[in-house]
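Morning, everyone. Please bring the model up on your screens and we'll walk through it.

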Amino acid sequence: MSDPAKVRRHAERVRELVASVVRSQIKDPRLGMITITDARITADLREATVFYTVLGDAVAQADTAAALESAKGLLRSTVGKALGLRHSPTLTFVLDDVQDQVKHIDDLLAAARNADAEVQRLAAQAKYAGEAQPYRVDDEDDETDETDEADEATDVKDAPRGGETR
């Protein structure tokens with residue numbers, strides 16, 4: 001097995017080489033507006049997967065895929081010579097559908113924002129189903145005030161008058 005750092009360096013180099021060769025050496029008219037987004041290589045450096053995006057519709061994507069498949073031999077030999085490996089890695093091209101996933105996520109986020117706004121609108125208009133204070137509150141303060149007043153009244157009646165002591 002190879003060192004993971006070495007594998008990452010080779011994968012980055014594969015991406016750069018494929019992008020360079022596609023830009024400069026492949027003259028296939030089927031090749032559309034292509035961008036090489038990523039490359040991954042196995043730990044044994046035998047197989048490389050190259051991810052790409054194409055600007056255009058499904059027909060442009062299909063034409064670009066066909067052009068890459070037909071140029072696979074040239075790309076593989078260029079990558080093998082440049083990397084200096086014993087075995088040239090086999091190349092597999094995969095259409096990277098990042099834009100479609102980003103659009104889908106943006107649509108989901110917009111739907112969530114709309115749902116949150118609707119909930120906020122409904123919450124602003126909401127009223128309590130019963131009273132504002134749903135729990136029973138004992139009037140302890142009122143009862144203690146009445147008892148204190150009653151105690152003071154009895155104290156005044158029972159108080160000795162005019163200097164009498166008991």
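In what order do the elements of the protein run from the N terminus on? The order is α-β-β-α-α-β-α-α. That comes to five helices and three strands. Helices (H or I, at least four residues) and strands (E, at least two) are DSSP runs, numbered from the N terminus.

A word on sources. This is a predicted model, where local features need pLDDT of at least 70, side-chain atom pairs count only at pLDDT 80 or more, and totals for chains, interfaces and linings use all residues. Residues are numbered from 1 along each chain as its sequence is written, and side-chain values use heavy atoms, with hydrogens and water left out.

Now the inside. Of the 166 residues, 20% are buried, meaning under 20% relative accessible area with a 1.4 Å probe, protein chains only. The largest nonpolar core has 26 residues. Such a core is a set of buried Ala, Val, Leu, Ile, Met, Phe, Trp, Tyr and Cys residues joined through side-chain atoms within 4.5 Å. Helices H1, H2 and H3 and strands E1, E2 and E3 each supply at least two residues. H1 gives the most, with seven.

Look at Val14. It is among the residues with the most contacts inside the core. Its contacts (heavy atoms within 4.5 Å) include Ala39, Val50 and Leu91.

Next, Thr64, in helix H2. Is Thr64 buried or exposed? Thr64 counts as buried, because its relative accessibility is 0%. A polar atom of its side chain lies 2.9 Å from the backbone oxygen of Ala60. Thr64 also touches Tyr52 and Val54, among others.

Terms used:
Buried means under 20% relative accessible area, exposed over 50%, partly exposed in between (1.4 Å probe, protein chains only). A polar contact is a pair of N or O atoms within 3.5 Å; within protein, one must be able to donate a hydrogen and the other to accept it, and residues adjacent in sequence count only if both atoms are side-chain atoms. Lists of a residue's contacts leave out its neighbours within four places in sequence.
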